[in-house]
Amino acid sequence: MAERERVDSVPLISLITINYNQAAVTCELLESVRGLNYPRYEVIVVDNASVEDPTERIARGNYPNVKVIVSPENLGFSGGNNLGMKHAQGDYFFFLNNDTEVTPNLLNELLKPFKANPRVGIVCPKIRFYFHPTIIQYAGYHPLSLYTGRTWSIGLGETDRGQYDQGGPTDFAHGAAMMASRRAVEEGGDMDESFFLYYEELDWSMQIQRAGFQIYYQPSALIYHKESISVGKASPMKVYYLTRNRLLFMRRNVGGFPLYVFILYYFCFALTKAALVYAVKGQIAYLKSLTRAISWHFKNKIRRPAKAVLPPVVAIS
C-alpha cells in the first residue's frame with residue numbers, strides 16, 4: 001500500500017505519438033518505452049488515417065498503458081497532437097515522434113526543470129541521431145533572425161563531447177521530443193492546426209512564451225531520433241509545407257518593418273534561388289509545390305496571435 005501511494009504521488013505523464021502508415025516504426029518506439037524507469041505514465045498513439053488501422057498490431061505487442069486513437073482523417077502533426085491531448089489524463093504531455101527511441105531516465109530528467117521553476121512551460125531533451133548515436137541533432141535553438149526567418153539547432157551535426165551539457169532557457173522547442181505542462185497548454189493554447197506539418201512547434205513555442213512560460217533545454221535527458229523516416233530527406237510534400245509554413249510562421253509571429261524586410265528577402269532571394277535550382281535539376285514536381293505554397297497565401301487569411309511579437313528569451317551561452 002505504501003508503495004502504491006508513492007507511485008500515485010508522482011505526476012502522471014502522457015506520452016503522445018502519431019502514427020501514419022508506420023505501425024512497425026511506432027512499435028519500435030513502444031518497445032523502447034518499456035525501458036523507462038519512471039513509475040507513472042500513459043501512452044497515447046494517434047493514428048492519422050493510416051491505410052491500415054494499427055490497433056490490432058499494437059495490441060498484439062502487449063504494450064502497457066497504451067491507448068490507440070484512430071482519426072478518420074489525417075490531421076497532420078499539429079492536429080494529431082491536439083487530438084492526443086484531448087484524450088490525455090496527464091499532468092504533463094510528452095510529444096514524441098514515432099521514429100524516436102527513449103533512454104531509461106528520460107522522463108525523470110525532463111521533469112526536473114518544471115519542479116525547479118513554475119514558469120517553465122516546455123522542456124526538451126538533448127537529441128542525437130539514432131543511426132549516428134554520438135552526433136547531436138538538437139541542444140537548444142539559436143535565436144530566430146527576424147529578417148530571414150531562419151533559425152537552427154544548436155550543436156547540429158557536432159559530435160557530442162559534453163560541450164552542450166549546460167541546460168537552460170532556449171528559443172524554441174524541438175517537435176521530435178518536447179514535454180509541456182498541462183498548465184502551460186491551458187494558458188498558451190493548443191498547436192495551430194493550419195501548419196499541418198513543419199514549423200508548428202516553432203509557432204507553438206511562441207504561443208507558450210507569449211503566455212509567460214519558458215522553453216527549456218535539459219541535456220541530462222537524452223533521446224535518439226531516426227530523422228526523416230516519415231517524409232524523407234526531400235519530397236514535393238516537404239517542399240510545399242516548408243515553403244508555405246516558413247512564410248506562415250513569419251506572418252503570424254513577426255510584424256512591422258522586420259516582416260517587410262523578410263518578405264522582400266524571401267521573394268527576391270530565397271524563393272528565386274530555390275526555383276532556379278529546381279528548374280536546373282528538372283525537378284518539376286518541386287517547382288509545382290513551390291508555386292502551390294505561395295498561392296496558398298493569396299487564398300487564405302492569416303489568423304495572427306494577439307501579440308505577434310517575439311518575446312525576450314535568454315539564450316544558451
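Helices (H or I, at least four residues) and strands (E, at least two) are DSSP runs, numbered from the N terminus, and the expected span of a helix is 1.5 Å times one less than its number of residues. This is a predicted model, in which local features need pLDDT of at least 70 and side-chain atom pairs count only at pLDDT 80 or more, while totals for chains, interfaces and linings use all residues. Residues are numbered from 1 along each chain as its sequence is written, and side-chain values use heavy atoms, with hydrogens and water left out.

**View 1. Helix α8, residues 236-253.**

**View 2. Helices α9 (residues 256-280) and α10 (residues 284-299) pack together.** Their axes are 8 Å apart and meet at an angle of about 155° (axes are lines fitted to C-alpha atoms, for helices over the stretch in contact, and angles run from 0 to 180 degrees between N-to-C directions). That makes α9 roughly antiparallel to α10, a term for angles over 145 degrees. On the α9 side, F267, L271, A274, A275, Y278 and A279 make the contact, and α10 brings Y286, L287, L290 and I294; contact means heavy atoms within 4.5 Å. Sorted by type, these residues are ten nonpolar, no polar and no charged (Ala, Val, Leu, Ile, Met, Phe, Trp, Tyr, Cys and Pro count as nonpolar, Asp, Glu, Lys and Arg as charged, and the others, Gly among them, as polar). An unreviewed UniProt entry places a "transmembrane region" at residues 257-280; such annotations may be inferred rather than shown by experiment. That span is 100% helix and 0% strand, with its end C-alpha atoms 34 Å apart.

**View 3. Helix α2, residues 23-33, is mostly covered.** Eight of its eleven residues are buried, namely A23, V25, T26, C27, L29, L30, S32 and V33. Have a look around them: they pack against β1 (13-19), β2 (41-48), α3 (55-60), β3 (66-71), β4 (92-96) and β5 (100-102).

**View 4. P219 sits in strand β10, residues 214-225.** With a relative accessible area of 12%, P219 is buried. Leaving aside residues up to four places away in sequence, P219 touches K126, Y164, D165, Q166 and G167. P118 is 101 residues from P219 in sequence, and their C-alpha atoms are 19 Å apart.

Notes
Angles under 35 degrees count as roughly parallel, over 145 as roughly antiparallel, 65 to 115 as roughly perpendicular and the rest as oblique. Buried means under 20% relative accessible area, exposed over 50%, partly exposed in between (1.4 Å probe, protein chains only).
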